[in-house]
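The following note sets out points on the fold, the aromatic pairs, the cores and some individual residues. It is meant to be read beside the sequence and the model.

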Amino acid sequence: MKQIRRSIYLEKLHSYIQAPAITVVTGPRRAGKSVLLRQLAEELISSEQVVFIDKESFDFESINTGKDLISHVDTHSSGKERRYVIVDEIQQIAGWERATASLNGDNYSRVIISGSNASLLSGDLATLIAGRYLTLSVFPLSLPEFGELHQLLHNGYPLDRSELFHLYLRFGGLPGLLHTDLSTDVVTQMQKDIVNTIAVRDIISRYNIRDIHLFESVMSFALENIGNLLSAKKIAAFLKKERRSLSVDSVLNYLRYMQDAFLLYEVPRFDIKGKKLMEINHKYYLGDIGIRSGFIGYREHDIAGILENLVFLELKRRNYAVTIGNIAGQEIDFIAEKDNLRSYIQVSYILDSPATIERELSPLRNVDDNYSKTLLTMDSIQPRDFQGIRHRSLLDFLMGEEL
């Protein structure tokens, strides 16, 4: 199967595995972690011992416990030479934490593991290898990667940016969708199947949720409200109006389960004047916008929230810490921080009226520090900057332009 080389991740992996630490690769299901690990194995195998185990494959069904894992590694490698042990979806192996720590404790093994649950590093593993692991978060395809894979798989010629972007809006960044004929029926069914896998396998079964319909109601509400301020209390109140009963604590649990499965990312609000995180009414963004299409369908009139979601994911790909800004009751879509620098970012579809311009710029004008302020929009022609607030193309940013 044809795949692009996601250089940014592979280069980080090659750097990480030189350290005497476990490399942990996490991210949403179907985001490309398995392909990434296979590519790493292929690049190492010409000069190194490599033991590759894919727990999604029937070939490795017999590896069910930590002891099985160590036995397999010892059988398929020489014990006193450098070896790279790569295990995909390792959470399916009972007792993998102790086995992984044991392998990492010798002088010749380098261990690389992946999982589709954010709690992979909680509990026993965190205790056993505290301070001895490196994490790599893998996200769905960026817009340039999406274009590169599309060109590789479909006719060999690039789409223009507008065509490419509209496909990206509809499909999201899960690579497997591009390995189809791109028909609406096929893509929609795949998106539904992916959502079902995450919901049923990664959440409902894992946490033994009994009222599936109630969980799906919470999930639907969260997906419909990407980019809006959201609280467990608000969701519980909505359900009560629908004559469904669920405690605030249960709603919080369901939201946490969705975050653990990388279905959602929670983004807290930051009080800019008070210089502190706010405790309620956070925002939630999807691990991939195509997941939303698979559950509630693609809704073009929700474009504002979808664009915010795309910008959020791109900021995370670039290793920014992201919060929502709050200043005097006004909202700034994102505060992005990295390397002791900060950027304030507003996201808007188009500046179609003076009122829209004023609404978007007003919160940024109220910030009196000297960090950069940027307004990202889809306007085809970018007007001049606004009194120190930069106006930039959202599409250029998604294609790789720096803030």
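1. Rings of Phe, Tyr and Trp (its six-membered ring) are taken as a pair if their centres lie within 6.5 Å; planes under 30 degrees apart are stacked, those over 60 edge-to-face, and the rest tilted. By this rule the count comes to 11 aromatic pairs, in what is a predicted model. In one of them, Tyr 254 and Tyr 257, the ring centres are 6.2 Å apart and the planes stand at 45°, so the pair is tilted. These two tyrosines are three residues apart in helix α11 (residues 248-260), which separates them by about one helical turn. Both Tyr 254 and Tyr 257 are buried.

2. The rings of Phe 262 and Tyr 265 also form a pair, with centres 6.3 Å apart and planes at 50°, so this pair is tilted. Both Phe 262 and Tyr 265 are buried. They belong to a cluster linked by ring pairs, in which Phe 139, Tyr 285, Phe 312 and Phe 334 also take part. A contact of another kind is made at Tyr 320: the charged end of Lys 338 sits over its ring, 4.3 Å from the centre.

3. Five strands form an open sheet with parallel pairing, in the order β2-β3-β4-β1-β5. The edges are held by β2 (49-54) and β5 (133-137); each has a single partner strand, so one side of each is left without a neighbour in the sheet. From one strand to the next the twist averages 15°. Helix α1 (residues 7-16) packs on this sheet and touches β1 (22-26) and β5, its direction making about 175° with that of β5. Helix α2 (residues 33-44) lies across β1, β2, β3, β4 and β5, and runs at about 165° to β3.

4. Within the sheet, the parallel strands β3 (residues 83-88) and β4 (residues 109-115) are joined by five bridges. Val 85 has Val 111 of β4 as its bridge partner. Strand β1 pairs with β5 in the parallel sense over five bridges, and Val 24 stands opposite Thr 135 in β5. Four bridges join β1 to β4, again running parallel; here Thr 26 has Gly 115 of β4 as its bridge partner.

5. How many residues of β1 are buried? The number is five of its five residues. In a regular strand the side chains alternate between the two faces of the sheet. Both faces of β1 are covered, with Ile 22, Val 24 and Thr 26 buried on one side and Thr 23 and Val 25 buried on the other.

6. The largest nonpolar core has 91 residues, and Phe 215, Met 258, Leu 315 and Phe 334 touch the most other members. Helix α13 (residues 303-317) supplies the largest share of this core, eight residues. Beyond its neighbours within four places in sequence, Phe 215 is in contact with Ala 199, Ile 203, Ile 204, Ile 209, Tyr 254 and Met 258. A second, separate core of 19 residues includes Val 73, Ala 99, Val 111 and Leu 121.

7. Ser 220 is found in helix α9 (residues 212-224). Its relative accessibility is 17%, and residues under 20% are taken as buried, so Ser 220 counts as buried. Not counting residues up to four places away in sequence, Ser 220 touches Phe 295 and Ile 296.

8. Pro 268 lies in the loop between β6 (264-267) and β7 (269-271). Leaving aside neighbours within four places in sequence, Pro 268 is in contact with Leu 277, His 282, Val 322, Thr 323 and Ile 324. The C-alpha atoms of Pro 268 and Gly 115 are separated by 25 Å, the two residues being 153 apart along the chain.

9. Asn 281, in the loop between β8 (276-277) and β9 (283-286), has a positive phi of about 55° although it is not a glycine. Ala 328, in the loop between β10 (321-327) and β11 (330-338), also has a positive phi of about 55° and is not a glycine. Asn 281 is partly exposed, with a relative accessible area of 26%, whereas Ala 328 is exposed, at 66%.

Note on methods:
Residues numbered from 1 in each chain as written. Predicted model: local features only at pLDDT ≥ 70, side-chain atom pairs only at ≥ 80, totals over all residues. Heavy atoms only, no water. Pairing = 2+ DSSP bridges. Axes fitted to C-alpha atoms, helices over the stretch in contact; angles between N-to-C directions. Contact = heavy atoms within 4.5 Å. Buried < 20%, exposed > 50% of the residue type's maximum accessible area, 1.4 Å probe, protein only. Lys NZ or Arg CZ within 6 Å of the ring centre and 35° of its normal. Core = buried A, V, L, I, M, F, W, Y, C linked by side-chain atoms within 4.5 Å.
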